[in-house]
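The following paragraphs guide the reader through a predicted model. They begin with charged side chains and then turn to other features.

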Amino acid sequence: MKVYAFTKKKEYIMEIENTLEAKQAFVGGLIQLVSLTDELDLICNDEGKLGTAVPMAAWIEDGKVVDIIYGNFLVCRYNNVGEFASIKESDVKVIREKLKPISLFINNTVYLKPRKEDWITSSRQ
């Protein structure tokens, strides 16, 4: 399954096995599912905000920070029966508009990391 992945070092498109175990291994624990849009789900660590995970991305809606996502996470689609599915190329723009990488998060102030187009690759490094 093709997903959009965020890690401490980069964001990128990758292939992941469509199993619970593969998703748990990527996020480093039990997963939490958050609806990003009507067609896209964000999968993150259920205890990301409670543990030692670093703030990874800011979720932006209408120019305002809605939430902070901690630790490694991924974004995928789901089909009409609720199963996870690969993202489409057109989803990347939506994901990148809503989820901005964080450079620094201090005293409830978010500093976003400038994006470089070459950060997106087709393989995990």
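Glu-39 and Arg-77 form a salt bridge in this predicted model, with their closest N and O atoms 3.1 Å apart. The pair connects distant parts of the chain, since Glu-39 belongs to the loop between strand S3 (31-35) and S4, Arg-77 belongs to strand S7, and 38 residues separate them. Glu-39 is partly exposed, with a relative accessible area of 44%, whereas Arg-77 is buried, at 10%.

Arg-77 also forms a salt bridge with Asp-91, and here the closest N and O atoms are 2.6 Å apart. This pair again links distant parts of the chain, with Asp-91 in helix H2 and Arg-77 in strand S7, 14 residues apart. Both Asp-91 and Arg-77 are buried.

The structure holds 4 salt bridges. Another of them joins the side chains of Lys-98 and Glu-61, at 2.5 Å from N to O. Because Lys-98 lies in helix H2 and Glu-61 in strand S5, this pair ties together parts that are 37 residues apart in sequence. Lys-98 is buried, with a relative accessible area of 16%, while Glu-61 counts as partly exposed at 25%.

Beyond its neighbours within four places in sequence, Val-94 is in contact with Thr-37 and Leu-40. Val-94 and Thr-37 are 57 residues apart in sequence, yet their C-alpha atoms are 9.0 Å apart in space.

The largest nonpolar core has 16 residues, of which Tyr-4, Phe-6, Leu-42, Phe-73, Val-75, Ile-95 and Leu-99 touch the most other members. Two or more residues of this core come from each of strand S1 (2-6), strand S4 (40-45), strand S5 (55-61), strand S7 (73-78) and helix H2 (91-98). There is also a second, separate core of 12 residues, including Met-1, Tyr-12, Ile-16 and Val-27.

A final point concerns the backbone. Most residues other than glycine have a negative phi. Asp-62, however, has a positive phi, near 55°. Asp-62 lies in the loop between S5 and strand S6 (64-70), and is exposed, with a relative accessible area of 79%.

Conventions
Residues are numbered from 1 along each chain as its sequence is written. This is a predicted model: local features need pLDDT of at least 70, side-chain atom pairs count only at pLDDT 80 or more; totals for chains, interfaces and linings use all residues. Side-chain values use heavy atoms; hydrogens and water are left out. A nonpolar core is a set of buried Ala, Val, Leu, Ile, Met, Phe, Trp, Tyr and Cys residues joined through side-chain atoms within 4.5 Å. Buried means under 20% relative accessible area, exposed over 50%, partly exposed in between (1.4 Å probe, protein chains only). Helices (H or I, at least four residues) and strands (E, at least two) are DSSP runs, numbered from the N terminus. Contact means heavy atoms within 4.5 Å.
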